[in-house]
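Me: I'm about to look at a structure that is new to me, and I'd like to talk it through with you. Could you put it up first?

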Amino acid sequence: DAWTKTWGTVVSVMEPALVVHIGVPGEDSADRMKRLVQRSWEVMEQDLTGNGVRLFCRTFELAPSALELFKFKDSSDLTNNPELAAHAGAVMKVVGSAVAGLSEVATLVPVLQALGGAHAKYGVKSEMFPIMGEALLWTLEQSLTPAGLWTDEVKSAWMQTWTVVQSVMTNSMEDEVAKAAESWTLVEKQIDKVADLFVTTFFSLCPDAALIFPYCNDVETPEENPRMRRVFINILHTVGQVVAGLGRGGLLEQILGNHGKRHLHYGVEIEHFEIMGTSLMIALEMRLGDQWTSEVAKAWQNAYDRIQSVFTAAMKEESKSKSNMVVKRHINDMQLVQQSWKLIEKDIGGYGVKFFMHVFEQCPEVLSLFPFKDVKDLWNCPYLERHGSQVLRIVGEAVAGLSNLSKLVPVLKSLGGKHAQFGVKPEHFPLFGKALLWTVQQVMGDKWTPELHSAWGKTYLSVQYAMESALKAAYKELILAEEAEELQQLVQESWLVVEKDIDA
């Protein structure tokens, strides 16, 4: 065993050098180039991660700005950075796959094209490839020279190989950028309508997000709030600009990173970005219709993924030192609402009547939805007091559940769906919201402050968005059921006519 292992080591070292220097009889130049590259790569694979780290460190020496594209850009010791080691190892495995695939070009080219498109979204520029190639040749020289394998012919073979890789990947990147720019033009022409769908979809999927917008105090639907609409138009512009220039990096990453740090202080959570991305894609698909092709979808998803990665990385970094600031603000809002609610609970029936009487004063036709609509003295109506108590208790459950919105939202959505059968419409929610804030204001009197108004406004919006989305879905189901019933009736009635003379 000892001698077998020893001889195996001798062969593994000598054979590549023999093949490089002596060659194979009858071998053409293309096959020899592939063999030289593949045999020399076997030496590189003996320390794949270490060689990868040396490759990237050399790249950063030649082009320091390239380091800005990576999460480990602020590391003081890149040589021993675990993130760089992991990334470098992964990249070297990809290079190894390309080397192994030199014998199957038809299979290799699509892989390289996909890699080129993927790197476009990270802000890699086509001019980086020559620098990366130079760094790769330097790394190969460092590893192959001690083994006597770095010859002019090997260097030439690697240069030819890298030229092919570079050509395929850069062409793919340029195609990706062109498709992306074209899709942004389509969206920009109708950005207001896309933004409306974007806002509606986002708050339907994530109603509790209302709590992070400080200006959501007037109990309006998202589309009606001009400041909210501007925010989502700005988001579209940001993503669109990335879509139109996927090849740009550096400064863009810095700007997005600064935005990410600010968003942490607004109460934005990393989970919100996933929902935001989903909402964006739904809105774009609904608005663009047939123009929403797989290529366009890919360009926008790539752009959003890039923004999300920069934002979330910046937020994580910022949260290490300032996370308590955001938590304290949310706790403060929650405490303001919960403390004021204790006063309402002392006479929940009486305040329930006041709430509904204010609703009826502002919109008299709403009264027709209730069984006590013909009662002359509503102020002393026991049915109204009972219903008012029930509604305010639901609000109380929402107030108590502010510390656990993930459990609260499904309950509110269930209630929203049930209200469709009572004739409640989405446009009634802002009316109920204003009446609720008016009621709380009557209770608080001189203690009603702008901060309390803001906290209650955001709380009601979280309730509204959850119930409103479920209500709309329930109405769609009712309409479909009515259409099905009408169709069934038409079929049955026409069949009765046929049966009268079925033989004919």
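Me: Is Glu483 buried, partly exposed or exposed?

Reply: In this predicted model, Glu483 has a relative accessible area of 46% and therefore counts as partly exposed, where buried means under 20% relative accessible area, exposed means over 50%, and partly exposed is in between, using a 1.4 Å probe and the protein chains only.

Me: Which helix is Glu483 in?

Reply: Glu483 belongs to helix 17, which covers residues 450–500; helices here are DSSP runs of H or I with at least four residues, strands are runs of E with at least two, and they are numbered from the N terminus.

Me: Before we go on, what should I know about the numbering and the model?

Reply: Residues are numbered from 1 along each chain as its sequence is written. Since the model is predicted, local features need pLDDT of at least 70 and side-chain atom pairs count only at pLDDT 80 or more, whereas totals for chains, interfaces and linings use all residues, and side-chain values use heavy atoms, with hydrogens and water left out.

Me: OK, the whole chain then: how many helices and strands?

Reply: The chain has 17 helices and zero strands. Of its 504 residues, 45% are buried, and its accessible surface comes to about 27,200 Å², with 55% of that belonging to carbon and sulfur atoms; these areas come from the Shrake-Rupley method with a 1.4 Å probe, and for residues only the protein chains shown count as cover.

Me: What share of the contacts is between residues 24 or more positions apart?

Reply: Among contacts with a separation of 6 or more, 79% are between residues 24 or more positions apart, a contact being heavy atoms within 4.5 Å.

Me: Can you show me some residues that come together like that?

Reply: Leu336, in helix 12 (residues 294–345), touches Glu451, Leu452 and Ala455 when residues up to four places away in sequence are not counted. Its C-alpha is 9.9 Å from that of Ser454, although Leu336 and Ser454 are 118 residues apart in sequence. With a relative accessible area of 23%, Leu336 is partly exposed.

Me: What about Gly240, buried or exposed?

Reply: Gly240, which is found in helix 9, is buried, at 0% relative accessibility. Leaving aside neighbours within four places in sequence, Gly240 is in contact with Trp184 and Trp300, and its C-alpha is 8.0 Å from that of Val187, 53 residues away in sequence.

Me: Switching to charges, how many salt bridges are there?

Reply: A search of the whole structure finds six salt bridges, each a side-chain nitrogen of Lys or Arg within 4 Å of a carboxyl oxygen of Asp or Glu. One of them joins Asp196 and Arg229, whose closest N and O atoms are 2.7 Å apart. Asp196 lies in helix 8 (residues 191–205) and Arg229 in helix 9 (residues 226–244), so this pair ties together parts that are 33 residues apart in sequence.

Me: Last one: which residues form the nonpolar patch?

Reply: Leu205, Ile282 and Met286 form a nonpolar patch on the surface, with about 270 Å² of accessible area together. Met286 lies in helix 11 (residues 270–288) and counts as exposed, at 53% relative accessibility.

Technical notes:
Patches are made of residues with over 30% relative accessible area and no salt bridge: like charges are joined within 9 Å, nonpolar side chains (Val, Leu, Ile, Met, Phe, Trp, Tyr) within 5 Å.
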